[in-house]
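Please take a moment to look over the structure below before reading on. The paragraphs after it lead you through a few of its parts, step by step.

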Amino acid sequence: MRRLRTLTGAAVLTVPLALAVFGPMLASEPGDRVFPFSGDGVLGTDFVGRDVGQQVLLGGRSVVLVAVGATLLAYLIGVPAGLLAASSRRRWVDELLMRPLDLTLAVPSLLLLILLAATAPPGPLTLVGIVALIGLPEIARITRAAALPLAHGPAMEAMRLYRETWWRRGPGYVGTGIRRVLLADAGVRFIGAVYLVATASFLGIGVAPDAADWAVMVDRNRTGLFLQPWAVAVPAALIICLAVGLNLVTDRMLISGAVPSPSTPPAPATTEDREPVSGPLLHVQDLTATTVDRTLVDGVSVSLQAGEILAVIGASGSGKTTTARALLGEVTPGVTLTGTVTLAGRPVTTATPPVPGTAGYVPQQPAAALHPVRRIGAVLHEIARHHAPGDSRIAHRRAVTAVLDRVSLPADRRFLRRFPHQLSGGQQQRLVIAHALLAHAVLLIADEPTTGQDALTRNDVARELTKLAREGIAVVLLSHDLHLVRAVADQILVLHRGAAVEHGRAAEVLAAPRQRHTRELLAPPPARPVAAVGEDRPLLRVTGLSAVHRDGGRRREVIREIDLAVAAGRCLAVVGRSGSGKTTLARCVAGLHPARTGQVALDGHHLAAHLDSRQPHELGAVQYVFQDARASFNPYRTVLDQTAGPARRLRNATPEQARRTALHLLERVGLAEHTVTQRPDRLSGGELHRAALARALASEPRVLICDETTAGLDSVTQHGILTLLDDLRRNLALTLIVISHDRDVVAHLADQIVVLDNGAVVDRGPAELLLTHAHHPLTSALLHTDPATAAAPSNP
């Protein structure tokens, strides 16, 4: 169907373009003028008695050439201006570029045409410049808005950290990311240019008012529409063909194989509107998901009653997320679903997804589910209005406040006016859960809801899931957090390479797993190795470090006066509640966030506060593994190419050497070559976590900062990465700074622990001491609390 639509668009577009190019060659010498709007000739005559057929053949070139030239000129200037404004990290550059354009936008286009007509000499080149000038501000604004999330996101930061060239960062990444927005705008912009050309002709700019021009013909001949309709209908049809054909052709570039939505979306359903369902709320039979050369899910069957919690566990890449998305009628492009899924008595397919409000989904990467340029409060209130349209505004505000309180987020105006990128990863996760709770879903699918969460918040999540189940909501929990699974699950489904290898009541599976893969997943963490021998002299020293975040027009202090010291071959674990400043501290050390005060020194050498001011060898010496692994990868290049980049850029390795290094490191973290030669969207979240670690190791760093590196990984993979990190620091004297909410990770790796609260150090000491005898109550709550004791299982 898409190919037919593209071919139709190309055929429709060919007609006016061919007439514009070859029409003047086919036109004969102009004859004598006759009576206006008469029937002489094939198409009659126009308002001044000229042959309409001849005017059609002659009138396309000026329209097409001027409109195309003006549109191209506007994009050639507007797109670079918007990209520069979006990518600049200096606010004055953005202001300097965009404020004059905003003033131009404030002037109506017709008034601008009149002003320019009075000062500019007439002619087609002048018309091209004027039409381009009118469209340029809007193009620049659209480009800037589309490019902002990409130009300041984790993927761009990773490319800066690895010193990627400006070509790959700008046109290669940001340009590719916004191309669909620009293509969608191009069709509308081109037709707008056509009508501006027609308007300008009457102001003495460009073509004369009686010239052979399609747009002019439509406007001047409309007074005789009923006398001679061809004089208006034919040029109007050709202009419409330009618009429709161009949009159909560009649509082919915009469509990425997404699953079509139903033609008539159903109305949102509230909890009161839903009919009670007898039997299982969710029933899945022989669910299979396949690609051309791979089976992602193989014949999964499961039933879930209202008020039950099903935990789906398995190694990274075992098909958990694919299964969860299939329950919502969603698939990745290129994936085919078979089998049956029934939710609340209604079949779920790619063409008939669940009724809006029936199912809520908490994705593994929360940033991908949050609108990057809308404020938190606006989105929450919109969700509340959508799912309770009859309630008052006060009721909506109360609902939002209650939900934010349930997920331990503030509800004050200052917080609600923030954007998602101003939140920590844990806060983003809780905000997505709040979205699902506001929808009053009967089924909640939670994909790693405790990834990147501290122990206190994980306990809150466990209590919330249990509470939801007791209220009659069915929960499908996809998690590698076995503490959470033990605390809340009624059923456990174990997946291995897409197949269900074990399924049963949670107590039975946890007590006596039958399959080898289940036993490996449930195995306890490895014993803490003998402490690594390291130097006493600090390799990395942080002194008096303070940093701020912009919060609207104000600056908010995030960390203040922090002192740290880590010796070579040692590991420092930084723990604290979500939003306490851990990630900001790590980013300051890596140069990703400039510190307001303080210094970072590596082996006695002071490092620049900003990574752009650091030398390549300094960047290679201090590497950072991002918390949101998927967002830190360029989606348009293969994982292998991106993993090899640091070796090429920071160690001056040849392309072949860098490739061999990348393959070796990727193999060490458990990724095969056939997996990493694909783009990031073809890998699971756990696989991308491992690839991010390999990418950071490619530059042979002396200090490795791991921000929740093992979050979202199954226990087998997590144990492998912990063992790898421990081997690296032993064999290479690699210094580790680990940010983690996982007590097992801290216990396995850390020599020293630092506890942050509200941006300040509240506790510190040797790991052996703080893991057993905490000095501070927060340390005890973070490192000594098990979700299994904080939330009773929902099963009787």
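At what angle do helix α21 and helix α24 pack, and how far apart are their axes? In this predicted model, helix α21 (residues 639-651) and helix α24 (residues 685-697) pack at an angle of about 25°, and their axes lie 8 Å apart. Because angles under 35 degrees count as roughly parallel, α21 is described as roughly parallel to α24. On the α21 side the contact involves Val639, Gln642, Thr643 and Pro646, which meet Leu688, Ala691, Ala694 and Arg695 of α24. Sorted by class, this contact has five nonpolar, two polar and one charged residues.

Just after α10 comes Gly329, which takes a positive phi of about 75°.

Finally, the structure holds three aromatic pairs. One of them joins Trp166 and Trp167 edge-to-face, at 5.6 Å centre to centre and with 90° between the planes; Trp166 is exposed, with a relative accessible area of 62%, and Trp167 is exposed at 53%. Another pair, Tyr173 with Tyr636, is tilted, with 6.4 Å centre to centre and 50° between the planes. Since Tyr173 lies in helix α7 (residues 166-201) and Tyr636 in the loop between β16 (622-625) and α21, this pair ties together parts that are 463 residues apart in sequence. Tyr173 is buried, at 6% relative accessibility, whereas Tyr636 is partly exposed, at 26%.

Terms used. Residues are numbered from 1 along each chain as its sequence is written. This is a predicted model: local features need pLDDT of at least 70, side-chain atom pairs count only at pLDDT 80 or more; totals for chains, interfaces and linings use all residues. Side-chain values use heavy atoms; hydrogens and water are left out. Axes are lines fitted to C-alpha atoms, for helices over the stretch in contact, and angles run from 0 to 180 degrees between N-to-C directions. Helices (H or I, at least four residues) and strands (E, at least two) are DSSP runs, numbered from the N terminus. Angles under 35 degrees count as roughly parallel, over 145 as roughly antiparallel, 65 to 115 as roughly perpendicular and the rest as oblique. Contact means heavy atoms within 4.5 Å. Ala, Val, Leu, Ile, Met, Phe, Trp, Tyr, Cys and Pro count as nonpolar, Asp, Glu, Lys and Arg as charged, and the others, Gly among them, as polar. Rings of Phe, Tyr and Trp (its six-membered ring) pair if their centres lie within 6.5 Å; planes under 30 degrees apart count as stacked, over 60 as edge-to-face and the rest as tilted. Buried means under 20% relative accessible area, exposed over 50%, partly exposed in between (1.4 Å probe, protein chains only).
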